[in-house]
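Q: Hi! Could you walk me through this structure in plain words?
A: Happy to, let's look at it together.

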Amino acid sequence: MAKKILIVDDAQFMRTMLKKLVEENGYEVADEAVNGEEAVKKYKEQSPDLVTMDITMPKMDGIEATREIMDIDSDANVIVCSAMGQKPMVVESLEAGAKDFIVKPIKPKKVKEALNNILE
Amino acid sequence: MDMDEFQEMYASESREHLDILNDALLTLENDPENMEMVNESFRAAHTLKGMAGTMGFDQVSELAHAMENILDELRNGEIAVTTEVINLLFRAVDNLELLSSDPDQVEDLEGLIKELRNYTGDDTELSTGNQETSASSNNDYFSLDQDELEMVEDTPGETVIIKVILESDCVFKSLRADMVFDALEELGELIKANPSIDDIREEKLDEEFQVLFLTKESKETLSDALSNISEVDTIEIEVVEDLDDLSIQQESTGAEQEDESTIDGAKDKDSKSKKKSKTQSLSSRLRSSSTIKVDVDRLDSLMNLVAELVIKRTQVESVARSYDLDDLEKKLKPLSKVTTDLQDAVMEMRMVPISMVFNRFPRLVRDLAQDLEKDINLKIEGEETELDRTIIDEIGDPLVHLIRNSIDHGIEPPAEREEKDKPREGLVKLSAFHEGNNVVIQIEDDGAGIDPDVIEEKAIDKGVASPSEIENMSDQEIINLIFAPGFSTNEEVSDVSGRGVGMDVVKNKLDSLNGSIDIKSEVGKGSTFTMKLPLTLSIIQGFLTTVADQKYVIPLESIQEIVDVQPEDIQTIRQEQVIHRRGSVIPLISLRNKLGKEDDFEEEEISTVIVEIANDYYGLMVDSIIGQQEVVIKRINDLSENIEKIAGGAILGDGSIALILNVEEITIG
Amino acid sequence: MSEDTQQMIIFDIGNEKFGIKITRVHEIIRMKEITELPDSSEYFAGIVNRRGDIVSVVDLRKRFGLEEIVETDNTRIIIIDFQGKDVGLIVDGVSEVLHINEADIDDPPQSMVGIKDDYLQGIVKVDEDIVIILDLDNLLESKEEIELDKEKQGNE
């Protein structure tokens, strides 16, 4: 069965792009969330195999959401999606338990690599 | 929005590197022996190349690459610093600037790149290749001090050198290196890294780094552990058989090694130490020593957090009010003051020194002086004066125009100046200082001054003013005519889509920034232009939303919270749609409806911004919410008198316009 | 105003040629994305971003009651000075810059292709064409509807 991925990003554009990439690489999109709060809620409901987590989001940011998800499931696989200037936030997310990161603008090759490294 | 942030980030960073290039080349021109400047420009070009490449700006990347090659040869002494090569490099810098600011003006790029390549006498890609391999081949040696050597000898297991090459488009190389270190830490003992761990943490590394590592694990285990890290391109693991292969650091080896076969290594060390001194020299030039550099993004996120805090505070305040909790309300007062102070403090942090703009002018003046065959001494004062960074962005063009004017029309040619008993060299003084809540910028020259008679003639000629009007004007009023529209418009409008830049444009710019400009001039002695600008622009925090494909900003101060309303939660009371929330009934307002758009938007959940106006709550239904953003309010010239619903406009990072909603008008009106 | 010749920017709207004194013109820019404002009057097209400044733009076609046409490569925004502020005028195209002799400008006829003489400063004959010189201040200030004479349009 295809591994399931939860896509978290407040931007529709990014979610669409990620969804396409996830599916192209043979994985399934479990669900999408538009902020950290929703991400945590949906993680509980779906227990996806992996989460792609945007950092800057309304309500709850990706770092906090990563922390909460790690509290729920210490084996959770979270990949944070950061912008170029967000190095400190990436560091924080990695400390919070994220397994990997991708930098926007996202490149298909990098997304594939990150997904495969964790899921294969 | 992230893309915008990213673009902006690229723009400001590349601006920084272009400034470094400009500065370094200028210094180099006057001091051709200054190798530090060559290195500095080389690194700037190299960084630009990389940044542009990541962004997919291939032209910028290629041009920077061509520059890098020339600079590399200058660095290696293969070619000499001549006016010719400096001019060529300046041209490249100019075009790099244009590529990002005004791509239409860029000259024939291929030609220029070819010219640059011809200059290196080598049109292959070799040079960068060299540069990269030189960085790698030197890494074969680690120098250990006595302690480290003892540690290697005393620890059981094998000593290996692990060479890691990251993918060339990897963005946060240091983080990848950190992930490598983390993975290794579980498998053995990390002795040393090359470049050093400190350098790596500061992103001072190319694609490649090496680790000297003590382990009991097999090569395969190590390799497996590392290959699961993203953006790692290759891993090479080599067992060190003989510890003598590792160089041992001694106090005085530096000089000798340079002459030996490890030239590459020595060179790299050399350039590394220079890199350090460069960072110091550069930062000390830009800022005083007691400051730290903060990433703009971090500042913005702090700003956002403060704004968030303000929202939360108002939420608590409204609860206190609705339940008549006087004590709580009283306790909240000081909190409210603290948050306001905090907001002010963050605003203050956005202030940047005006040197960010002034820094460009030595180059501009040099070029103009060369073109116009004038001798000019540019004096800059008060470059540490601080202004909000949004204003800094806006005043560049007007200043360029005024300086051009002073040099072109103000300063006389050297021969003429001698006749007038003035020094051959003309003086242009650029100064900035604070005055109350304003920043004053002056451009002063000791040139010919502005002759009212000449202005009068030109004004009549151009139809800006009639002879009878001028008759009643004082000299000062006549001089002020140069700001009238049409006065300095070009004689011929040849390219109908081209820019018309005149003094009137300068004045308009200052008006739009709520500033002012005036002139003092004395015939034969010179002129002084004085610009006054507010310290900060009117900036507001708001939530960027979309309604029928147009972006609107809802000011944060009125926002209580943002909710997704489910259709089943909506009730109709007296033909009004409402929702219940925390015990109160909140009327819903469709912004599509209010803004005269078709109200055919259907979604499962309706993004709704709850606002508070005069103690009443309203829910503004929007199509979607993009996120929190800080915008500069620009006035809209109200030609059509009924746009009360819009409080102003704001220009977003992608150049599009967002309209700022007048929430009061929308809810009550 | 002043004597002798003055330079005029000549632009087209529909089949008519119009002129504005060059001294009123700040610059001419290509058509840009226009942001509409709610509740604004019909001929007020909206606002544009001109190098970081917001400029209000009037659609002269609409001002003259002509039907909308698709913008072309020739469509331009002429930025003029109106009461000390920049205002853009959308025109079908800018054709040339002419030196026009003050003496050649005739008084406007009572009504010219449907435009009242309030909005006209004069007309001038250039070769075969009649160039209408607009009184911009009156034109922009007035809210009155104007309709370019359709018949005249057809005949041209």
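**Chatting through the model**

Q: Let's start with Cys170(B): buried or exposed?
A: Cys170(B) is buried, because its relative accessible area is 4%, and the cut-off for buried is under 20%. Keep in mind that this is a predicted model.

Q: And what about Cys81(A), buried or exposed?
A: Cys81(A) counts as buried too, since its relative accessibility is 0%.

Q: How many disulfides does a search of the whole structure find?
A: Zero, over all chains. In case the word is new, a disulfide is a covalent bond between the sulfur atoms of two cysteines.

Q: OK, new topic. What's chain B made of?
A: Chain B has 24 helices and 24 strands. It has 669 residues, and 49% of them are buried.

Q: How much surface does chain B have?
A: The accessible surface of chain B is about 32900 Å², and carbon and sulfur atoms account for 46% of that.

Q: Which contacts does chain B make along its sequence?
A: Take the contacts in chain B between residues at least 6 apart in sequence: 70% of those join residues at least 24 apart.

Q: What about chain C, how many helices and strands?
A: Chain C has three helices and twelve strands. Of its 156 residues, 57% count as buried. Chain C exposes about 7200 Å², with 40% of it supplied by carbon and sulfur atoms.

Q: Which strands make up the open sheet in chain C?
A: There are five, in the order E8-E1-E2-E12-E11, and the pairing is mixed. At the edges sit strand E8 (93–101) and strand E11 (120–126), each pairing on one side only. On average, neighbouring strands of this sheet are turned by 35° against each other, direction ignored.

Q: How does E11(C) join strand E12?
A: Through six bridges; E11(C) and E12 (residues 129–134) of chain C run antiparallel. Val126(C), for example, stands opposite Asp129(C) in E12(C).

Q: Where are the nonpolar residues gathered? Which ones have the most contacts inside the largest core?
A: The largest nonpolar core has 57 residues, and Ile554(B) and Phe11(C) have the most contacts inside it. Another core lies apart from it, with 52 residues, among them Val352(B) and Phe487(B). In soluble globular proteins, nonpolar side chains tend to be buried together.

Q: What is Phe11(C) in contact with?
A: Leaving aside neighbours within four places in sequence, the contacts of Phe11(C) include Phe18(C), Ile20(C), Leu60(C), Ile78(C), Val91(C) and Leu134(C).

Q: Switching to chain A: where is Ser93(A)?
A: Ser93(A) is in helix H4 (residues 87–96) of chain A. It counts as buried because its relative accessible area is 0%. Beyond its neighbours within four places in sequence, Ser93(A) is in contact with Ile55(A), Ile63(A), Thr66(A), Val80(A) and Ala98(A).

Q: Back to chain B. Where is there a cis peptide bond?
A: One joins Asn194(B) and Pro195(B), with omega about 0°. Pro195(B) is in the loop between strand E3 (188–194) and helix H9 (197–201) of chain B.

Q: Which residue other than glycine has a positive phi?
A: Asp421(B) is one of them, with phi near 65°. Glu231(B) also has a positive phi, about 65°, although it is not a glycine. Most residues other than glycine have a negative phi, and most peptide bonds are trans.

Q: Where is Glu231(B) found?
A: Glu231(B) is in the loop between helix H10 (219–227) and strand E5 (232–239) of chain B, and counts as buried because its relative accessibility is 5%.

Q: And Asp421(B), buried or exposed?
A: Asp421(B) counts as exposed, since its relative accessibility is 73%. Its place is the loop between helix H18 (414–419) and strand E10 (426–435) of chain B.

How values were computed
Residues are numbered from 1 along each chain as its sequence is written. Chains are lettered from A and ligands numbered from 1 in the order in which they are written. This is a predicted model: local features need pLDDT of at least 70, side-chain atom pairs count only at pLDDT 80 or more; totals for chains, interfaces and linings use all residues. Side-chain values use heavy atoms; hydrogens and water are left out. Two strands pair if DSSP finds at least two bridges between them. Helices (H or I, at least four residues) and strands (E, at least two) are DSSP runs, numbered from the N terminus. Axes are lines fitted to C-alpha atoms, for helices over the stretch in contact, and angles run from 0 to 180 degrees between N-to-C directions. Buried means under 20% relative accessible area, exposed over 50%, partly exposed in between (1.4 Å probe, protein chains only). Contact means heavy atoms within 4.5 Å. Accessible areas come from the Shrake-Rupley method with a 1.4 Å probe; for residues, only the protein chains shown count as cover. A nonpolar core is a set of buried Ala, Val, Leu, Ile, Met, Phe, Trp, Tyr and Cys residues joined through side-chain atoms within 4.5 Å. A disulfide is a pair of cysteine sulfur atoms within 2.5 Å.
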